[in-house]
Amino acid sequence: MKMKKIAAIIVGSILFLSVAVFIMLKLMNPTIGKEANEKEYEGQQFLKEQKLGFYISNEAKSLEEDKTKGYVLFLDKNNDITEREIQPVEYGGITFANNRMMVEESNQMTLTEYITKKTTFEKPDYRGMHNGYLPKTEQYYSLYNSGLSEKHDYKMTVRYAGEDGQFKKFIIPKFVSAAGEEGDQVIVLTQDLISGAFQLQQTPLEEKAKLQKITDLNLKSPMDLDAIAPILVTKKAYYLVMSRYVSESYEDIMVYEVNRKTKDVKATILAKYRSEKETTSSLPLSFNDSATTYKGGLYYLNGMGQVYRYDLQTKQIEKVLKLKDQAKDANHMQAVFYEGKLHIVYVKNGNTYYDQYHLKKKKRVQHQEIKNIERYLKNGAMISDLTIIK
């Protein structure tokens, strides 16, 4: 298997998220660290004061060997940082929705609203793949790549919040290449690791949940394809953004549009890379947040700081943005689409910055330095998630 293909599968499968604690927090400034009172920094009042959340993690191997620390960091409206040390997950994250927040760690999950509820799991998971929120059932969830299984074809673990705010889990017995959500269903793209065949499926978040097949996807050369973005859903179609890697100097970024009624699939080349320099830098910063739909368009951010727009009606493609600044080390950079803007955090020349780009105006509209994040990015630690808290 080609080197880039292997890298894409590994990164794609460990894309997303584990568990974090949020009961005691430590208030920090550039010179002093202070232990936060547990009650003072939990619940709604704390969340109302914050605007950004950062998840600091490391590679799964180091986490399994218990060699590194992880943190969740919160930037408030006064630009002060509050930290909490956690037992992180590779590519873990924070999910904020409906005035509540989920933080994941390898051995536990926390859900913060008026109080913080914590669920501890007997067996840890270290390879995060995807996290999200179902608006219809108001459920938070995280999906983990738990690896090969003697009982199933593969083992993907889903942790989800029940009605009581406590987290439960169930197993998806297939390899999941990408995930998304709609209403009360998690949408997953499963792949047979022998034939390479893809299926689009869905599942509710409940005990003993079973996959419900939406359709088989007869994609050309499936073993050359890797999902590099979340599954996006509209009233008319499902959208998959995938890398078709042919060689070290030949790669296409594809958009597959799956019609919800007919299940017909339309394939469009979103971008072409024809040099080793491009293919080695093309992978997104986070497969969990690399694409979104907004105002009739599908937006995709690649690893080179380029934003493409695919018009959902005309199918026309344009490159709408090129980031003004970008960290040389992608591990020290993270981005997320939110409410018509692209939000970026990155470390450059030893300093950390937070930028906003307006998708419609096609320009940067905010540039701000953030103090105190660089100290956490040591020994291979990375920013694996940027969360907007509003």
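## A walk through the strands

Strands here (E, at least two residues) and helices (H or I, at least four) are DSSP runs, numbered from the N terminus. Keep in mind that this is a predicted model, where local features need pLDDT of at least 70, side-chain atom pairs count only at pLDDT 80 or more, and totals for chains, interfaces and linings use all residues. Residues are numbered from 1 along each chain as its sequence is written, and side-chain values use heavy atoms, with hydrogens and water left out.

S15 (residues 185–191) runs antiparallel to S16, and 6 bridges join them; two strands count as paired if DSSP finds at least two bridges between them. Find Val 188 and you'll see that its bridge partner in S16 is Gln 201. S16 also pairs with S17 (residues 212–217), again in the antiparallel sense, over 5 bridges. There, Gln 202 has Gln 212 of S17 as its bridge partner. S16 (residues 198–203) is largely enclosed by the rest of the structure, because 5 of its 6 residues are buried (buried is under 20% relative accessible area, exposed over 50%, partly exposed in between, using a 1.4 Å probe and protein chains only).

Now jump to an open sheet of 4 strands, which has the order S27-S28-S29-S30 with antiparallel pairing. S27 (333–338) and S30 stand at the edges with a single partner strand each, so one side of each has no neighbour in the sheet. Between S29 (residues 351–358) and S30 there are 7 bridges, and Tyr 353 has Glu 369 of S30 as its bridge partner.

Is Gln 368 buried or exposed? Its relative accessible area is 13%, so Gln 368 is buried. Its side chain makes a polar contact with the side chain of Asn 79, at 2.7 Å (that is a pair of N or O atoms within 3.5 Å; within protein, one must be able to donate a hydrogen and the other to accept it, and residues adjacent in sequence count only if both atoms are side-chain atoms). Leaving out residues up to four places away in sequence, Gln 368 touches several others, including Lys 51, Leu 75 and Tyr 354; contact means heavy atoms within 4.5 Å.
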